[in-house]
Each structure stands twice: as C-alpha cells, then as structure tokens.
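Please read the following note alongside the sequence and the coordinates. It is arranged as numbered points for discussion.

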Amino acid sequence: MKNILDRNQNKAGEVRNLLVAKKVLMVNLISSPGAGKTTLLERTCEELNKKFRIGIIEGDITTDRDAQRLKKYNIPIVVINTEGGCHLDSHSISKVLDSFDLDDLDVLFVENVGNLICPSQFDLGETFKLAIVSTTEGDDKPGKYPMLFREAKAVLLNKIDLIPYTNFKRETFNSDLKNINGQVPLFEISCTRGNGLKEWIKWISKQILSTSSTEV
Amino acid sequence: MHEIRIAEDLSAIVLETAKREKLSKVTKVNISFGVLVQIVPDIFIFAFSETVRNTIAQDAEVNIEIVSVKMICKKCGNDFGVEENRFVCANCRSTDLEIIHGKELFIKSIEGE
Ligand SMILES: Nc1nc2c(ncn2[C@@H]2O[C@H](COP(=O)(O)OP(=O)(O)OP(=O)(O)O)[C@@H](O)[C@H]2O)c(=O)[nH]1
Ligand SMILES: [Mg+2]
Ligand SMILES: [Zn+2]
C-alpha cells in the first residue's frame, strides 16, 4: 500500500531534518480565516523579538497583506502565494527556506492558509502544529474537525473578550476538546486585550529554548 | 478542498505506475481513505476525473473504501473504535491513545490492461 501523499511526506521529512540540524523550531499555525493568526504573531513578535531570532512564512492565497502587517518588527518574512490553493505544502516551504539564514534563526512561524481541514493533512516538516480557534466561530469546532485538534501540540482559544456577545459556552468547548484530545494544553487568550498571552508566551518560549538546546 | 491536491497526487502516481507497467489503459483504481481525512468522495472522484482527462486513465473507475477510526490505548492495550468523536479509552478512561486506523490515504491497487 502506497500513501497518496508520499511525495509531500518525503519532502517534509527533508525539511524536518534540516530544521533539526539547524536547531530551528518551526510552528505551523492553523485556523479558520480570521481567527487571529496574524494578530497572534504581532503580539508574539512584540514580546519575543528581543529574546529570540524570529522568522515568518506567510501563506496567503493571493495577497501579502499579512506580511505587510508584520514588517514593522524588522524580521525576515517570506510570503508564499498559493494562488487559490487552500493549504501550504512541504515543497513550497522547502523552496523558501533558502531565503532564510537558518543559522541565524531560533523559531520560524508559518501562518498557513485559513482553513481547518486541508492544512491538517499536509505535513510541512514543522516541529508541531498549533490550532487556533476563536469564540465567534462557535463552541463546536473540536468535534467537527477532529484531525486538527488531535494533531495540534497546543490549542489557542482566541477572542475570549467577545464571549459575552456570543452563545459560546466554555464548558461545551472544553468537554468537546477533552473528548478529542484529553492531553492537549489549552490557552484562552484575547490578542486584542492581552488576556492569557503571558501563559502562551511562557509556553512557546519554553518550546523554542528546548529546541535550541538540543544536542544534534 | 484538499480533494483536488490529493486527486492530483493520485493521478500522478497512477500514470507513473501505468507507464512503468506498460499498461495501455487503466481500468480501476482502488483506494482507502480514513474518516479523519475528511474527504468528500463525490468531490474527490470529480477532481480525479478532471486530472486524468485525456490520459489512459480517463475511464478508470475509482473505488473508495472509507476506513473508520480505530485506536489502541497506550495504558491498558485496549483497542477500540470511536463513537461520536470520543477519543477516550472505553476500558480505563485514559486519553493516551494511538490512532491505528482512520488517517489512511492509501492506494490499494491499480488495475489495467
Ligand atoms: N475582539 C477581538 N478581535 C480580535 C482578536 N484577535 C484578533 N481579532 C480581530 O480579528 C480580525 C482577524 O484577525 P487576523 O489576525 O487578521 O486573523 P487571521 O487568522 O490572520 O486571518 P486570515 O489570515 O485572513 O486567515 C482582525 O480584525 C483582528 O483585529 C481578539 O482577541 N479579540
Ligand atoms: Mg492572517
Ligand atoms: Zn485503556
């Protein structure tokens, strides 16, 4: 039996080996359109720009608007336009890795195209995936998109400032998520108000540090 | 719409294999998809037929087997299926599980003449 996505899988393996050798953590950010990936990157750059060497790959269907928003941090950013494609793949990542000086990088954040199903199927060679959902999308997302929530190393629930204006129920979301993935850490955050960001920054810093201190 | 990309990769493998095996026509492609991959069979079959148009695989019949989720508990060794997306061991309630079925994206066989 042959895996249909073998070609993508093999390339992802190459990317992963390279990043391990260079001690770079690569995070694959997956969410629906508008859940807050770029805003999370803005907040994260503000906090960590001085501490770590950050790079960003922006997956965008046709524009470079998200990359423009991140320019102010003076970090290396490369845009991949998928030209209609609903996800990034390992070949496009592998190509743009040449534009980064991997010896001068601690962490590479990849903002995938906004979509909860397709990006979960395509290994990019990342160290881990991160699932972001926002409260305005409803509390039923984990059960509807089990693959992403199973595979994610952590889940971020964004826009908790908006809970009072929605029918989002924390208990429903939490128990749904527990059923899908009882082990995954959950961060409840508001990227605009700042709630919960401290815990997130602490967690991601730990991940970056543990990658850069591994023996190769 | 990951169906499109997966259909493209499948058709590349099918045509490559047909060439290697010196087939003049591909008649059947048998594949299996795990439930968790969330492929919509109709969309997939449509996307595949588009990508093999005007090739020796254009009349191939695509048989899709959908594989349900099966897990094994890392704590007590129990293996079990998933109902209503509950990834919790039915025996010991542990959530430390390994998915052994449900993520398939496999080509089982390619038939031709
Ligand atoms: N109220 C509120 N709004 C937020 C929060 N985080 C992000 N937003 C807003 O949500 C909108 C979308 O945020 P983005 O960061 O662009 O979302 P994205 O996931 O990058 O979107 P795409 O790249 O288009 O998929 C923007 O208007 C943000 O200001 C939050 O915590 N609370
Ligand atoms: Mg964005
Ligand atoms: Zn068990």
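1. Basis of the model. This is a predicted model, in which local features need pLDDT of at least 70, side-chain atom pairs count only at pLDDT 80 or more, and totals for chains, interfaces and linings use all residues. Residues are numbered from 1 along each chain as its sequence is written, chains are lettered from A and ligands numbered from 1 in the order in which they are written, and side-chain values use heavy atoms, with hydrogens and water left out.

2. Overall form of chain A. Chain A contains nine helices and eight strands (DSSP runs numbered from the N terminus: helices are H or I of at least four residues, strands are E of at least two). Its radius of gyration is 17 Å, close to the 17 Å that the globule rule gives for 216 residues, so chain A is as compact as a globular protein of that length (the radius is taken over C-alpha atoms, and the rule is 2.2 Å times the number of residues to the power 0.38). The C-alpha trace of chain A spans about 50 × 45 × 35 Å along its principal axes.

3. Burial and contacts in chain A. Of the 216 residues of chain A, 56% count as buried (buried is under 20% relative accessible area, exposed over 50%, partly exposed in between, with a 1.4 Å probe and protein chains only). Among contacts in chain A between residues at least 6 apart in sequence, 73% join residues at least 24 apart; contact means heavy atoms within 4.5 Å.

4. Helix α4 of chain A. Six of the eight residues of this helix (residues 90-97) are buried, so the helix is largely enclosed by the rest of the structure. The buried residues are Ser90(A), His91(A), Ser92(A), Ile93(A), Val96(A) and Leu97(A). They pack against α1 (6-22), β2 (25-31), β3 (54-60), β4 (77-81) and β5 of chain A.

5. Magnesium site. The magnesium ion (ligand 2) is coordinated by Thr38(A) (OG1), Asp66(A) (OD) and Glu111(A) (OE), at 2.1 Å. Donors are N, O and S atoms within 2.8 Å of the metal (3.2 Å for Na, K and Ca); water is not among the atoms, so sites may look incomplete. The magnesium donors follow the spacing T-x27-D-x44-E along the chain. Asp66(A) lies in helix α3 (residues 65-70) and Glu111(A) in strand β5 (residues 107-111) of chain A, so the pair ties together parts that are 45 residues apart in sequence. Asp66(A) and Glu111(A) are both buried.

6. Zinc site. Which residues coordinate the zinc ion (ligand 3)? The donors are the SG atoms of Cys73(B), Cys76(B), Cys89(B) and Cys92(B), at 2.3 to 2.4 Å. The four donor atoms subtend angles of 104 to 113°, which makes the arrangement tetrahedral; four donors count as tetrahedral if all angles lie between 85 and 135 degrees. The spacing of the zinc donors along the chain is C-x2-C-x12-C-x2-C.

7. Cys73(B) lies in strand β3 of chain B and is buried, with a relative accessible area of 3%. Cys76(B), at 35% relative accessibility, counts as partly exposed, and Cys92(B) counts as partly exposed at 31%. The C-alpha atoms of Cys73(B) and Leu97(B), 24 residues apart along the chain, are separated by 4.6 Å. Beyond its neighbours within four places in sequence, Cys73(B) is in contact with several residues, including Asn78(B), Phe80(B), Ser94(B) and Asp96(B).

8. Over all chains, the structure holds zero disulfides, a disulfide being a pair of cysteine sulfur atoms within 2.5 Å.

Notes
Four donors count as tetrahedral if all angles lie between 85 and 135 degrees; four count as square planar and six as octahedral if opposite donors are over 155 degrees apart and all others between 65 and 115; anything else is irregular.
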